[in-house]
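Subject: Structure handover and notes

Hello,

Here is the structure we talked about handing over. Please look at the sequence and the model first; my notes come after.

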Amino acid sequence: MVTKKLLIVILLPLTTSWSVAIGTGGSDKPALKDAFAGHFLIGGAFNRNLVSGKDPNAAAIAIKHFNTATSENDMKWSLIHPQPDQYNWEPADRFVDFAEKNNMVPIGHCLVWHVQVPRWTFRDDSGNLLTRDALLARMKDHIMSVVGRYKGRIKGWDVVNEALKDDGTLRNSRWLRIIGEGSEEKQYDFIAKAFEYAHQADPNAELYYNDYSLDTKKEKCDGAVAIVKHLKSKGLRIDGVGIQLHSGLDYPDKESLEYSIAALAATGVKVMITELDIRTRTRGYRGADISRINRQSTSDSNAADDETQQKLAQKYTELFSVFLKHKNDISRVTFWGVYDRTSWIGGSPLLFDRNYQPKQAFDAVINVVQNEN
Ligand code: G3I
């Protein structure tokens with residue numbers, strides 16, 4: 001009879017060698033961060049399992065390939081500040097520790113957003129909506145606490161995330177309604193105040209505005225340009241704009257992506273590609289509004305087909321060719337995730353597959369930069 005102990009002795013070497021084999025993220029491949037050195041930083045959004053050691057294979061990919069790190073969720077308001085008098089620092093601390101230990105530039109995401117913000121944020125103890133002044137005070141307290149805690153450690157913050165609608169006007173969020181008080185002159189106030197407070201909390205931190213579909217919708221990109229111009233006209237610090245670039249196999253087209261990079265760079269800020277992925281399912285909504293899409297709605301039974309993988313590689317080739325063409329304006333390219341299984345969308349959106357292996361798309365990205373060098 002095979003005893004439990006004997007089974008462990010037989011199986012342990014097998015599981016160990018398997019996990020080492022899959023954990024290397026393509027041990028024979030060049031590192032992305034080395035391949036793009038001298039052009040721009042290259043990174044990923046990291047989840048809690050990666051930074052806490054529960055997904056060591058994903059961590060191995062990140063350590064080998066990335067020199068910048070964004071926290072995928074743990075710095076969002078509802079996760080880091082779930083109750084008025086309660087901050088949950090531990091996961092965010094782990095993220096910053098992980099990035100520092102592995103020589104990655106840490107990026108904070110995000111301070112003011114209409115998603116993942118608790119209901120209490122906008123209400124007083126009796127449940128009534130806050131006044132403009134009270135909400136500004138609450139916003140200031142949050143930003144001073146979060147940015148202040150990581151002062152000198154987080155290189156740059158997504159200060160305001162996704163404030164624009166697709167038509168380039170401001171989204172009708174509680175931030176806008178309460179702080180803007182329905183007045184045209186005050187419409188940018190919640191954005192301006194967030195940047196002001198972030199700068200006060202860490203005068204050396206870079207400050208960014210971040211949004212999706214800037215690369216596909218000209219009006220929306222123009223709306224982001226207007227935000228930058230407004231902040232600059234008030235003498236406020238803004239260092240960069242993040243084009244999230246949640247893409248698809250047939251979008252964005254090259255021309256509109258180049259338009260967005262050029263238009264944003266012309267305002268004098270750095271452009272960052274902050275949330276890169278390519279969904280393989282071709283039908284359906286194209287933006288990144290989390291209330292409209294998720295893993296299920298973007299799942300793709302053809303994702304692993306050779307034909308799909310070739311198309312994915314071609315689209316990544318096109319995107320990275322554009323990034324390299326505009327490398328003087330682009331300071332960072334960050335993938336939104338590390339490998340397909342833990343991506344926020346379904347299909348096959350990243351460079352590493354569900355088993356941590358580099359895909360054709362990985363080789364395509366390396367080829368683009370090797371041909372350039
Ligand atoms: O923290 C709760 C946990 O307590 C609960 O048990 C669990 C049950 O579902 O949910 C957990 O929260 C989830 C959170 O991720 C952390 O894992 C939310 O339900 C889930 O909606 C959330 O999704 C994230 C989404 O933003 C909303 O914050 C995605 O992982 C993240 O990839 C996505 O990222 C956004 C960027 O921040 C901004 N741009 C668009 C991008 C894609 O939507």
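The notes below go from the whole chain to single elements and residues.

This is a predicted model, in which local features need pLDDT of at least 70, side-chain atom pairs count only at pLDDT 80 or more, and totals for chains, interfaces and linings use all residues. Residues are numbered from 1 along each chain as its sequence is written, and side-chain values use heavy atoms, with hydrogens and water left out.

Overall

The protein has 13 helices and 9 strands; these are DSSP runs numbered from the N terminus, with helices being H or I of at least four residues and strands E of at least two. For 373 residues, a compact globule would have a radius of gyration near 21 Å, and the value for the protein is 21 Å, which agrees. That radius is taken over C-alpha atoms, and the globule rule is 2.2 Å times the number of residues to the power 0.38. The C-alpha trace spans about 75 × 50 × 40 Å along its principal axes.

Of the 373 residues, 55% count as buried (buried is under 20% relative accessible area, exposed is over 50%, partly exposed is in between, with a 1.4 Å probe and protein chains only). The protein exposes about 16,100 Å², and carbon and sulfur atoms supply 49% of that area. The areas come from the Shrake-Rupley method with a 1.4 Å probe, and for residues only the protein chains shown count as cover.

Among contacts with a separation of 6 or more, 79% are between residues 24 or more positions apart; contact means heavy atoms within 4.5 Å. The mean positions of the 48 positive and 47 negative charges are 3 Å apart. Lys and Arg count as positive and Asp and Glu as negative, while His and the chain ends are not counted; the charge is placed at NZ of Lys, CZ of Arg, CG of Asp or CD of Glu.

Helix α11 covers residues 254-265, and its 12 residues should span 16 Å at 1.5 Å a residue; the end C-alpha atoms are 16 Å apart, which agrees. The expected span is 1.5 Å times one less than the number of residues. Buried in α11 are Ser256, Leu257, Glu258, Ser260, Ile261, Ala263, Leu264 and Ala265. These buried residues pack against α10 (218-233), β6 (240-243), β8 (270-279), α12 (306-325) and β9 (330-335).

Phe323 lies in α12 and counts as buried, at 0% relative accessibility. Neighbours within four places in sequence aside, Phe323 is in contact with Phe40, Leu245, Leu257, Ile273, Leu276, Ile330 and Val333. Phe323 and Ala303 are 20 residues apart in sequence, with 25 Å between their C-alpha atoms.

Asn302 is in the loop between β8 and α12 and is partly exposed, with a relative accessible area of 42%. Its C-alpha atom is 9.2 Å from that of Ser348, 46 residues away along the chain.

Helix α6 and Asp93

Helix α6 (residues 90-101) also has 12 residues, which should span 16 Å at 1.5 Å a residue; its end C-alpha atoms are 16 Å apart, in agreement. Pro91, Ala92, Asp93, Phe95, Val96, Phe98 and Ala99 are its buried residues. Asp93 and Met75 are 18 residues apart in sequence and 9.5 Å apart in space, C-alpha to C-alpha. After α6 comes Asn103, with a positive phi near 55 degrees.

Backbone points to check

Two cis peptide bonds are worth a look on screen. One runs from His109 to Cys110, with omega near -5 degrees; Cys110 is in strand β3 (residues 105-112). Another runs from Tyr251 to Pro252, with omega near 0 degrees, and Pro252 is in the loop between β7 (246-248) and α11.

Glu181 has a phi of about 50 degrees and is in the loop between α8 (174-180) and α9 (189-201); at 45% relative accessibility, Glu181 counts as partly exposed. Ser213 has a phi near 60 degrees and is in the loop between β5 (206-211) and α10. Ser213 is buried, with a relative accessible area of 9%.

Regards
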